[in-house]
Amino acid sequence: MSALNEMTIAGARDALRKGEVTAVELTDACLTAIEGASALNAFVHNTPEIAREQAAAADARIKAGDAPAMCGIPLGVKDLFCTKGVPSQAGSRILEGFRPEYESTVTQNLWDAGAVMLGKVSMDEFAMGSSNESACYGPTTSPWRRAGEATALTPGGSSGGSAAAVAADLCLAATGTDTGGSIRQPAAYTGIVGIKPTYGRVSRWGVIAYASSLDQAGPMTKTVTDAAIMLGAMASVDAKDSTSAEIAVPDFEAALTGDIRGKKVGIPREYRMEGMPEDIAKLWDDGAAMLKAAGAEIVDISLPHTKYALPAYYVVAMAEVSSNLARYDGVRYGHRAKLGSGDGINDLYEKTRAEGFGPEAQRRIMVGTYVLSAGFYDAYYNRARKVRALIKRDFEQAFAAGVDCILTPTTPSPAFGLGEVSSADPVEMYLNDVFTVTVNLAGLPGISVPVGVDAKGLPLGLQLIGRPWEEGDLLNHALVLEKAAGFAAKPARWW
């Protein structure tokens, strides 16, 4: 048997049921791995006492024969999820010292299923980023390196801490959130699986908001089967979230038949962009060939409004940021600036927000406030909403024509080095989301599957986009792609 922390959820579940390993042993193996991986800066709030207590309870539950699939599985929790009594900062100084008195619905669902919390993992500040460089904890480093180089690489963002922790076997899986690709892009950069469910499938209650009409939580795992198991535990109908859909959660693992014969897989011509790296283009072609060999029909489709997706996404997202982050004012919780003798309430607001928010958060708040301001609301925000509706219609027409899922690259490149994308030109960073934002704008499920490596040995992923509420079918397509690709690369340990 490999090291316990290297196990998959499915493998650990079976071993726990057979008595080959205990949840306490699994947890201790992960805690040891975390202690030896400080160079990655993935875990930022460790909770070993809680972990061992939950693991012991999981062992008792397994022994009693009352154990769901996630019982005893050690997890990393993105710092965006509120966890009772545990720091929940969203990677920002402005929430320094904030310890919620409540549990997010997602984490409560996981703890009810017997899962184990190892600690909180890093993320871009308020989930705003594609590289995990904007966190108040400093950047997280990917466990991957280019062949023959020592350059520190990004694990992607905003769920970069989750991706790095899973890829480095510090935990068996981790929670992530996806507003414009923040599960799928880091999953592709680190050679793991990440699924963004349909908007409304997983409760947003207790998840610190970035852009409320786009945010959706999902699992980041080592395999597609693990993603199906964990998504089943995370998802629920939730009266506390007005956007939670009253649709029963199916058994996603049972949907993994491995049979896609007769299914139609769409290849959108608009995603084949000028200047696409040869590695990415070949990977896409290879992925289509793998699905065709499994019995699927590959069809060319058009998503004509794709070229407008990135600007429309950033207008909508930043407008919602401006609104959601207005609540952080230094009065109720979190960081509060020290005031001079003559300072008033406006000085408190201004100083607190200037000290508490990092440069990227400040940039997005200002842009969002601008596009919502009188005289610009119709020119920017309303226009972006109309484009969003057109993008959603593009997908609806493709699915109405009989397409079962859509295959695209996840990212336009492999992972880049920390500091390589200039902070002076934020648009250069935003372009990393070019293949993923349409899925959030349309509210669809999307999954990234590791399929190959580039010339320098870095992982590359392909994205599958599914019909709304049909995550089971999407996961089944992903399973076929995963098996055909046979991706088995692991980062060489340097940390």
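Author: Contact here means heavy atoms within 4.5 Å. Keep that cut-off in mind for what follows.

This is a predicted model: local features need pLDDT of at least 70, side-chain atom pairs count only at pLDDT 80 or more, and totals for chains, interfaces and linings use all residues. Residues are numbered from 1 along each chain as its sequence is written, and side-chain values use heavy atoms, with hydrogens and water left out.

Start with the sheet. Helices (H or I, at least four residues) and strands (E, at least two) are DSSP runs, numbered from the N terminus. Two strands pair if DSSP finds at least two bridges between them. Eleven strands make an open sheet with mixed pairing. Their order is β1-β3-β2-β4-β6-β5-β10-β11-β9-β7-β8. The edges are β1 (43-46) and β8 (297-301). Each has a single partner strand, so one side of each is left without a neighbour in the sheet. From one strand to the next, the twist averages 30°. Axes behind such angles are lines fitted to C-alpha atoms, for helices over the stretch in contact, and angles run from 0 to 180 degrees between N-to-C directions.

β1 and β3 (residues 116-121) run antiparallel and are joined by three bridges. Asn-46 stands opposite Gly-119 in β3. Helix α2 (residues 23-35) lies across β1, β2 (74-78) and β3. Its angle to β3 is about 20°.

Thr-27 belongs to helix α2. Buried means under 20% relative accessible area, exposed over 50%, partly exposed in between (1.4 Å probe, protein chains only). Thr-27 has a relative accessible area of 0%, so Thr-27 is buried. Leaving out residues up to four places away in sequence, Thr-27 touches Ala-51, Arg-52, Ala-55, Pro-74, Val-116 and Leu-118. Ala-51 is 24 residues from Thr-27 along the chain, yet their C-alpha atoms are separated by 6.9 Å.

Now move to β11. Helix α8 (residues 278-293) lies across β7 (264-268), β8, β9 (405-409), β10 (446-453) and β11 (459-466). The helix runs at about 55° to β11. Eight of the eight residues of β11 are buried. In a regular strand the side chains alternate between the two faces of the sheet. Pro-459, Gly-461, Gln-463 and Ile-465 point one way from β11. Leu-460, Leu-462, Leu-464 and Gly-466 point the other way.

Take the partners of β11 in turn. β10 and β11 run antiparallel, joined by seven bridges. Pro-450 has Gly-461 of β11 as its bridge partner. The hairpin of β10 and β11 has five residues between the strands. There, Gly-457 takes a positive phi near 85°. β9 also pairs with β11 in the antiparallel sense, over five bridges. Cys-405 stands opposite Gly-466 in β11. Cys-405 is buried, at a relative accessible area of 1%.

That leads to the cysteines. A disulfide is a pair of cysteine sulfur atoms within 2.5 Å. The count by this rule is zero. Take Cys-82: the closest cysteine sulfur, in Cys-136, is 15 Å from its own sulfur, so the two are too far for a bond. Cys-82 counts as buried, at 2% relative accessibility.

Next, the loop between α7 (224-234) and β7, which holds Asp-241. Asp-241 counts as buried at 6% relative accessibility. Apart from neighbours within four places in sequence, Asp-241 is in contact with Val-202, Ser-203, Arg-204 and Trp-205.

Last, the rings. Rings of Phe, Tyr and Trp (its six-membered ring) pair if their centres lie within 6.5 Å; planes under 30 degrees apart count as stacked, over 60 as edge-to-face and the rest as tilted. There are 14 aromatic pairs by this rule. One of them joins Tyr-313 and Tyr-314, edge-to-face, at 4.8 Å centre to centre with 85° between the planes. Tyr-313 is buried at 2% relative accessibility. Tyr-314 is buried at 8%. Ring pairs also link Phe-98, Phe-126, Tyr-328, Tyr-333 and Phe-357 into a cluster.

A charge sits over a ring if NZ of Lys or CZ of Arg is within 6 Å of the ring centre and within 35 degrees of the ring normal. Arg-145 lies over the face of Trp-494, at 3.7 Å from the ring centre. Arg-272 lies over the face of Trp-284, at 4.2 Å.
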